[in-house]
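Here are my notes for your first look at this model. Keep the structure open and follow the points in order.

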Amino acid sequence: MSAVSGPQEAAVFLPDEQATETLGGNLASLAFAAGEHLMICLQGDLGMGKTTFSRGFIRGLGHEGAVKSPTYTLVEPYEHLQPPVYHFDLYRLADPEELEYMGIRDYFRDRNLCLIEWAERGTGILPPPDIEVSLSRHGEGRTARVRGLSVTGRQLVNELAALESASGE
């Protein structure tokens, strides 16, 4: 993997699924060290690797079982992890108000780490993300654009860019 970094954004080429999982795991390690609540929004067309990135993130925190997309359940909790991780997939969300009925605000507290696929479907209800990961096709692989949107998010993206740059040398 190689990285191009700026003060608030990192672009990482992902040649395969393993590289996507590794990127997720690397960000999980940095998020764990930060010790704060974090909301990460994942963007990209169907099949771009949002769930693969999430699998790497969740496994990077120590989960050893399957990581499935919560397309039908909206949220998959990993409360055995420290900090707890909540993986959301809002693809099938009909109305952002549905998030209020499921108590969405309760997930955004303490040190919880929240991964949200299709976050744009929760506009008006979801708080602003700390980090945005946009995945797009790039030749035979993918490109991940990782943007830090909060103070913590920008710090983590800069650390991630440095880590990716060091591993690509």
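1. Start at I40. Set aside its neighbours within four places in sequence, and I40 is in contact with L27, F57, C114, L115, I116, I131 and V133. Keep in mind that this is a predicted model.

2. The largest nonpolar core has 32 residues. I40 is one of the members that touch the most others, along with L23, F57, V85, I131, V133 and V146. Several elements each give this core at least two residues: β2 (9-14), α1 (17-34), β3 (38-43), α2 (50-60), β6, β7, β8 (141-148) and α4 (151-168). The largest share, 6 residues, comes from α1. In soluble globular proteins, nonpolar side chains tend to be buried together.

3. There is another core, apart from this one. That core has 18 residues, including F88, Y107, F108 and A119.

4. Look along α1 next. The buried residues of α1 are A19, T20, E21, L23, G24, G25, N26, L27, A28, L30 and A31.

5. Check both ends of α1. At its start, a side-chain oxygen of D16 comes to within 3.3 Å of the backbone nitrogen of Q18. After the helix comes G35, with a positive phi near 65°.

6. How many residues of α2 are buried? The count is 9 of 11, and α2 is mostly covered. Those buried are K50, T51, T52, F53, S54, R55, G56, F57 and I58. Just after α2, G62 takes a positive phi of about 115°.

7. Finish with a loop residue. I125 sits in the loop between β6 (113-117) and β7 (131-138). Is I125 buried or exposed? I125 counts as buried because its relative accessibility is 8%, and the cut-off for buried is under 20%. Not counting residues up to four places away in sequence, I125 touches P96, E97, L99, E100, I104 and R105. Take E97 from that list: E97 and I125 are 28 residues apart along the chain, yet their C-alpha atoms are separated by 7.1 Å.

Terms used: Residues are numbered from 1 along each chain as its sequence is written. This is a predicted model: local features need pLDDT of at least 70, side-chain atom pairs count only at pLDDT 80 or more; totals for chains, interfaces and linings use all residues. Side-chain values use heavy atoms; hydrogens and water are left out. Helices (H or I, at least four residues) and strands (E, at least two) are DSSP runs, numbered from the N terminus. Buried means under 20% relative accessible area, exposed over 50%, partly exposed in between (1.4 Å probe, protein chains only). Contact means heavy atoms within 4.5 Å. A nonpolar core is a set of buried Ala, Val, Leu, Ile, Met, Phe, Trp, Tyr and Cys residues joined through side-chain atoms within 4.5 Å. A polar contact is a pair of N or O atoms within 3.5 Å; within protein, one must be able to donate a hydrogen and the other to accept it, and residues adjacent in sequence count only if both atoms are side-chain atoms.
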